Amino acid sequence: METSKSLFKEAQRYIPGGVNSPVRACRSVGVDPPFIDRASGSKVYDADGREYIDYIGSWGPMILGHAFPPVVGAIRQAAERGTSYGAPTRMEIEMAKRIVDAFPSIDRVRMVSSGTEAVMSAIRLARGYTKKNRIIKFEGCYHGHADSLLVKAGSGVATLGIPGSPGVPEALAELTTTVPYNDLEAVRSAIDRYGEDVACVIVEPVAGNMGVVPPAPGFLEGLREITSERGVLLIFDEVITGFRLTYGGFQDIAGIRPDLTCLGKIIGGGLPVGAFGGREDIMEQLAPLGPVYQAGTLSGNPLAMAAGIATLDSLREPGVYDELEEKTAHLCTGIESILSNRKVSHRINRVGSMFTLFFTGEDVTDFASAAQSDQEAFSDHFSKMLAGGIMVAPSPFEASFVSRAHTDEDIGTTLKAFA
Ligand SMILES: *Cc1c(COP(=O)(O)O)cnc(C)c1O
């Protein structure tokens, strides 16, 4: 019989490390990865016939749960009309309208096929628009694996302990300055140092790739102020937070308008997607209106648009985000009390339906404090969860995601696995 073990062995003969994205290999927690056979609602099922309550949620997109019938139906219907044309469609307008309506800062938006591509394109646009070269990012923020952004990038690179990546030319990495998250003074001095040549500051408005780290009060406001003063563009990478915390972006909750916004994950409903958008005068620099080139064979793909539109329309139903907030708060309060009773040093950072349990006695406010957490305690926790039928990301630097499909019973079962 095929098992996760046999599949992993076979996969390694054909695929580097047996996986198509590094963190999936579960190396840092020292276990072989479960190979997934199918998923439905809050559950995933592996090749060994085991059922798990899933808190990975495909790393963010599955806010409605797996194989949500309206999404599956929309994909099926779209597939019957052809899977790709390389020509514009009505569905792309429908998707763009929804994004523009939900984000006051977005006048125009362009669809791409991944979050990486969205951010890479937004950076090129920022550089083209400002005619400046340098970018400022935050330690532990992940913005996809494009060259300029793979510097102190959190997520998988942090899990594997790689500071940057071979293959990124020094000359390019040199144009990326990293500063600590939640540290406005560091941003100010970086801009002072390179002011004449800084194109943009890019930030996850709620960090999700060093584990969840919320912005300190005043941090995002301060970024908006400093960048506006200095003629530097502010880019919000809302690939995770877009439609995760409210119908729209975290920028809505924070009351801030970035110049450009990157999206992905949820807006594809589980299909490959990304988008970037913003102020009209900036977006009009893109080809064919302007000189900044950007393109894509599968951009605005009909299946991805269908899945994304069906997802966004379901998220519009009243009460969705309150329900997610309540469920996740209930889960985190439960974990908190179990671990406190057992005197386990920990911190839970939660924003809406995304949270991270850090094994540390100190508050986690940036990458340095996230990196203080106890890797061994995390590995034990991961194995215990897996044995108890709970799937969490195999890294201490990732978020857990609660979906609309998680039931009170799921939450109860999860808490039992902790006890
Ligand atoms: C996932 C992610 C990306 C990259 O998206 P991909 O679709 O994996 O390329 C970019 N930014 C953030 C904040 C992300 O979480």
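Me: Which element gives the largest share of the lining of the largest cavity?
Reply: In this predicted model, strand S12 gives the largest share of that lining, with 3 residues.

Me: Which other elements supply at least two residues there?
Reply: Besides strand S12 (354-358), helix H12 (320-341), helix H14 (375-387) and helix H15 (408-418) each supply at least two residues of the lining.

Me: What volume does the largest cavity have?
Reply: The volume of the largest cavity is about 170 Å³.

Me: How many residues line the largest cavity, and which lie nearest its centre?
Reply: The lining consists of 18 residues, and Phe355, Leu357, His381, Val392 and Ser400 lie nearest the centre. By class, 12 of the lining residues are nonpolar, 5 are polar and 1 is charged.

Me: How many cavities of 30 Å³ or more are there in the whole structure?
Reply: The search finds 3 cavities of 30 Å³ or more.

Me: Which residues lie nearest the centre of the second largest cavity?
Reply: Gly57, Met62, Phe401, Ser403 and His406 lie nearest its centre, and the lining comprises 14 residues. That lining has 4 nonpolar, 8 polar and 2 charged residues.

Me: Turning to the ligand, which residues surround it?
Reply: The ligand is surrounded by Ser114, Gly115, Thr116, Tyr142, His143, Gly144, Glu204, Asn209, Asp237, Val239, Ile240 and Lys265. Sorted by class, this shell holds 3 nonpolar, 6 polar and 3 charged residues.

Me: What lies 2.7 Å from a nitrogen atom of the ligand?
Reply: An N or O atom in the side chain of aspartate 237 lies at that distance from a ligand nitrogen atom.

Me: And what about asparagine 209 and tyrosine 142?
Reply: For asparagine 209, an N or O atom of the side chain is 3.1 Å from an oxygen atom of the ligand. For tyrosine 142, a backbone N or O atom is 3.4 Å from a nitrogen atom of the ligand.

Me: How much of the ligand's exposed area does the protein bury?
Reply: The protein buries 83% of the 380 Å² that the ligand exposes when taken alone.

Me: Now the overall fold: how many helices and strands are in the protein chain?
Reply: The protein chain has 15 helices and 14 strands.

Me: Why does the radius of gyration of the protein chain agree with a compact globule?
Reply: It agrees because a compact globule of 419 residues would have a radius of gyration near 22 Å, and the protein chain has 21 Å. Along the principal axes, the C-alpha atoms fill a box of roughly 55 × 55 × 45 Å.

Key:
Residues numbered from 1 in each chain as written. Predicted model: local features only at pLDDT ≥ 70, side-chain atom pairs only at ≥ 80, totals over all residues. Heavy atoms only, no water. Near = heavy atom within 4 Å. Polar contact = N/O pair within 3.5 Å; in protein donor to acceptor, adjacent residues only side chain to side chain. Areas by Shrake-Rupley, 256 points an atom, 1.4 Å probe, with all protein chains shown as cover. Nonpolar A, V, L, I, M, F, W, Y, C, P; charged D, E, K, R; others polar. 1 Å grid on protein atoms, 1.4 Å probe; cavity = no way out; pocket = protein on both sides within 12 Å on 5 of 7 lines; lining within 4 Å. Points joined across faces, edges and corners; volume = space filled by probe spheres on them. Helix = DSSP H or I, 4+ residues; strand = E, 2+ residues; numbered from the N terminus. Rg over C-alpha atoms; globule rule 2.2 N^0.38 Å.
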